[in-house]
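Hello,

Here is the structure we talked about. Please have a look at it before reading on; my notes follow below.

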Amino acid sequence: MSTGEWVGHRTGEPGFRRAAVAVFLAGVAVFSSLYAPQALLPELTRSFAVTPAASTLSISVSTAALAVGLLVLGPLSDRRGRTGILHASLAANAVLGVLIALAPAWPVLLVLRGLQGFALAGLPAVAVAYLREELHPGVSSRAIGLYVSGTAIGGLSGRLVTGFLTELGGWRTALGGTAVLAVACAVAVRLLLPGSRLFTPVVAEGRLLPQLARAFTDPALLALYGIAALLMGGSVAVYNAVTFRLEALPYLLTPALAGLVFLAYLPGSASSPVAGALSDRFGRRLVVPATVAVMGGGIALTLLDPLWCVVLGLCVLSTGFFAAHGVASGWVAVRAQLGGRAVGQAASLYSFWYYVGSSVAGTLAGRAWQGAGWTGVVLLAGGCTAGALVLAVLLGRTRALTP
């Protein structure tokens, strides 16, 4: 079948399965590495004699560097292709993961985490654009939901692995285990991921900054960028601080037991594909605000003292967060394509603001915990979610580009 007649891999075809599994595994590798230190923050605080607020920098420097990397790798992928960047990103992540586990001092660890964050930008810069281009339009939303599930499973596995391995051999053993997972996923993706067949290079017109400026001319895209920053900020704020809360009175959980709280990511891994299917049926304009509201309800539940209420709140939070993020990220690609904008660039800008929100709110969470305890963390996360809900409602009133 000629390229002109072929419109992408369909459900049930080997190419669809290989692409979906490969991008899922890439999500596992990237997000297990990116958020592995989150379960280790109390341990890093003790080992390096830093404050809880300073320990959150092990997350924030990576997400900030990742945000910067997106501004480079997104436009580059529009010109040079998706798969080469993805493979290079996974390989660099695996190497840096080993070096981080051997870091001799806190400043060295932060520098290596920053380099790792930049390398990790390769996946969010190309994943959604690759799936939109290489899969049949009728199934791409489901595959994007599966990719977001991979990010949820990756975040969960990284936190669980490090939580358990910390008690066996300390934080170095924990981060070494994450590096082994990164190597295995990089090899698997190299073997599975189909090459691009429908990629069309974007011809460079002028400088990068004018091209970026054009991506800010659509009010719907602007709202989606804001939603990305606020949703991620609220989620990371809660998860950065929750292990400090669980290891303190009245819970006094060990690192391994406190790490089990990240099992709350599992409902999130299931909610994203479901939300994608619901958006195909009822529309994104209804699904996004509804799922943001669910996230806000989960944050409120964590204010209650019983441990089961905290865990339930985290489950509800994760369900709403990943559902909203999965639909919103796919919406960016569709909106950019219909509006005649570069899909990779628009997707990268969405991810850029996503990780800006993570870096800013994630760092503020440590300060909120030190200054006002869990109430301060909830006020920070709840404020982010309320802002995202306002933008989601306004987004529903923007002009649609589809019939």
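Leaving aside residues up to four places away in sequence, Leu-395 touches Ala-220, Ala-223, Leu-224, Ile-227, Arg-285 and Trp-331. Please keep in mind that this is a predicted model. Leu-395 belongs to helix H15, which covers residues 343–395. Its relative accessibility is 0%, so Leu-395 counts as buried. Between Leu-395 and Pro-289 there are 9.1 Å in space, C-alpha to C-alpha, although the two are 106 residues apart in sequence.

Pro-289 is itself one of the buried residues of H13, among them also Val-287, Val-288, Thr-291 and Val-292. Helix H13 runs over residues 284–301, 18 residues in total. From its first C-alpha to its last, H13 reaches 26 Å, close to the 26 Å expected at 1.5 Å a residue.

Now the charged pairs. The count comes to four salt bridges. In one of them, Arg-46 pairs with Glu-247, with 3.6 Å between the closest N and O atoms. Arg-46 sits in helix H2 (residues 41–48) and Glu-247 in helix H10 (residues 219–247), so this pair ties together parts that are 201 residues apart in sequence. Glu-247 has 18% relative accessibility and therefore counts as buried.

Arg-335 forms a salt bridge with Asp-218, and here the closest N and O atoms are 2.7 Å apart. Because Arg-335 lies in helix H14 (residues 307–338) and Asp-218 in the loop between helix H9 (208–214) and H10, the pair ties together parts 117 residues apart in sequence. Both ends are buried: the relative accessible area is 6% for Arg-335 and 5% for Asp-218.

Asp-305 forms a salt bridge with Arg-245, the closest N and O atoms being 4.0 Å apart. Asp-305 is in the loop between H13 and H14 and Arg-245 is in helix H10, so parts 60 residues apart in sequence are tied together. Asp-305 is exposed, with a relative accessible area of 56%, whereas Arg-245 is buried at 7%.

Leu-257 has 46% relative accessibility, so it counts as partly exposed.

Regards

Methods. Residues are numbered from 1 along each chain as its sequence is written. This is a predicted model: local features need pLDDT of at least 70, side-chain atom pairs count only at pLDDT 80 or more; totals for chains, interfaces and linings use all residues. Side-chain values use heavy atoms; hydrogens and water are left out. Buried means under 20% relative accessible area, exposed over 50%, partly exposed in between (1.4 Å probe, protein chains only). Helices (H or I, at least four residues) and strands (E, at least two) are DSSP runs, numbered from the N terminus. Contact means heavy atoms within 4.5 Å. The expected span of a helix is 1.5 Å times one less than its number of residues. A salt bridge is a side-chain nitrogen of Lys or Arg within 4 Å of a carboxyl oxygen of Asp or Glu.
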